[in-house]
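This report looks at the surroundings of a ligand, at a helix and its cover, and at a pair of packed helices.

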Amino acid sequence: MKKKTIRTGIIGAGFAATFHFECLKKVHDTNVEVEGVFSTDTEQAKSYADKRDIAAYDSMEKLIDKVDVIHVCTPPVAHEPIAVAALEKGKFAIVEKPLTGYFGDGSEDFNGDTFPKQDALDHSLASIKRMLDAEKKSKGRILYAENWIYAPSIQKEREIIEKTGAQVLWMHGEEAHSGSHATTYAYWKFSGGGVMIGKGCHPLTAALYLKCVEGNARNGKPIRPKAVSARTAALTRLEKFEDKGHIRCDYHDIDDFSLMHVIFEDGTIADIFASDIVLGGIHNWLEVSANNHRTICNINPNTAMATYNPVESYFSDIYTVEKTGTKQGWSNPSPDEDWFTGYPQEMEAFYRTIAYGDTLESTSNLAADCISTIYSAYISAEKTGTEVPIQTF
Ligand SMILES: NC(=O)c1ccc[n+]([C@@H]2O[C@H](COP(=O)([O-])OP(=O)(O)OC[C@H]3O[C@@H](n4cnc5c(N)ncnc54)[C@H](O)[C@@H]3O)[C@@H](O)[C@H]2O)c1
């Protein structure tokens with residue numbers, strides 16, 4: 001087969017832009033030509049471009065004109081306008097998580113703790129609608145960069161559900177660690193919420209996806225979420241929280257713990273935890289209890305490798321696993337963390353969709369259900385756990 005060539009532009013030059021570029025180097029079936037990068041931080045864009053021998057653009061529009069697809073690697077507040085700009089020019093948009101959200105009323109002193117959460121749901125549903133409308137009119141598509149969908153353990157579970165005709169009764173999962181690095185993450189007005197959206201979106205989307213897989217395998221009809229009850233907490237902002245220096249605790253107006261109890265239209269359930277208060281490295285997993293099997297998808301940590309290191313300093317220049325507090329004693333270094341996390345598989349699949357029209361697993365509709373569920377969950381949490389219906393698209 002002759003490989004097709006796809007021209008690519010990257011928007012944003014920070015953390016996500018860095019791992020996207022690394023994954024592009026591993027795409028096999030498509031020739032990827034990275035044309036350039038654009039970021040509002042021009043210095044950062046120039047340094048990013050120089051390191052990779054690509055062009056730094058001074059205009060996003062000019063970059064979009066030159067390419068077939070753009071990678072939206074900016075903070076969530078900018079996802080909608082950038083993706084829509086690409087779609088309007090008939091281009092594909094790979095959009096980082098979360099798809100979109102509500103970032104306040106524009107006031108400098110906007111406070112995520114106190115505003116009515118119905119506003120967040122109304123505004124984010126309107127944002128999703130604008131994005132889906134732009135996609136419908138475009139020759140391009142939104143490819144939602146939810147790496148959990150492409151994690152090998154989740155894809156193996158997809159195969160099990162499809163081939164055995166399983167009925168998934170209950171899923172529980174979690175994404176947690178000791179706190180995100182980005183300074184802007186502490187403010188609702190930049191991140192669109194706290195840990196419930198920032199981390200909860202990952203296991204939630206995987207759970208939503210597997211119920212779609214189940215329904216599609218049974219009768220071609222995805223099983224969608226119907227209602228949610230949720231609780232959130234700001235544990236590191238409790239007056240009596242004692243900071244021992246292991247957990248980030250400078251959050252301004254966001255939650256650092258959340259639980260969503262999701263009820264699907266067939267009455268089955270999922271319980272999704274997300275938190276920023278867990279030590280011992282990233283804790284990302286999804287457990288599936290079905291009528292014919294039970295699976296635990298360990299995304300991080302996994303036990304592909306176990307190492308005992310008697311002296312911390314021996315491993316000073318060895319990366320073991322993300323956000324671990326110590327490398328001394330027994331640990332589970334990941335021999336290829338990106339692979340277990342699904343990043344390279346995600347990029348390979350996206351470029352197959354763009355170049356050859358392969359079926360897309362992580363769609364805008366899945367992303368829309370995720371956003372709708374999470375902002376409905378924030379309303380529930382505001383009402384200390386009352387069940388709230390979920391609008392799907
Ligand atoms: N899938 C994952 O595992 C994962 C991990 C980390 C981050 N993310 C997501 O990636 C996105 C970016 O996060 P990050 O950690 O890379 O942030 P970052 O702060 O490291 O980088 C953001 C970049 O976007 C640029 N930028 C900001 N506004 C812009 C605009 N309007 N137009 C163009 N450039 C703009 C900034 O200057 C910076 O270069 C977020 O949506 C985040 O949730 C996903």
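## Ligand shell

Of the 22 residues around the ligand, those that come nearest are Gly12, Gly14, Phe15, Ala16 and Asp41, where near means that the C-beta atom, placed from the backbone, lies within 6 Å of the molecule. The model is predicted, so that local features need pLDDT of at least 70 and side-chain atom pairs count only at pLDDT 80 or more, while totals for chains, interfaces and linings use all residues. Residues are numbered from 1 along each chain as its sequence is written.

Helix 1 (residues 15–24) contributes three residues, the most to this shell; helices (H or I, at least four residues) and strands (E, at least two) are DSSP runs, numbered from the N terminus. By class, the shell has twelve nonpolar, seven polar and three charged residues, with Ala, Val, Leu, Ile, Met, Phe, Trp, Tyr, Cys and Pro counted as nonpolar, Asp, Glu, Lys and Arg as charged, and the others, Gly among them, as polar.

## Helix 4

Within helix 4 (residues 79–88), the buried residues include His79, Glu80, Ile82, Ala83, Ala86 and Leu87, a residue being buried if 20 or more other C-beta atoms, placed from the backbone, lie within 10 Å of its own. Just after helix 4, Gly90 takes a positive phi of about 75°.

## Helices 7 and 10

The axes of helix 7 (residues 152–164) and helix 10 (residues 201–219) come within 9 Å and cross at roughly 25°, the axes being lines fitted to C-alpha atoms over the stretch in contact, with angles from 0 to 180 degrees between N-to-C directions. The two helices are therefore roughly parallel to each other, a term for angles under 35 degrees.

Definitions and conventions:
Buried ≥ 20, exposed ≤ 12 C-beta atoms within 10 Å, placed from the backbone. Parallel < 35°, antiparallel > 145°, perpendicular 65-115°, else oblique.
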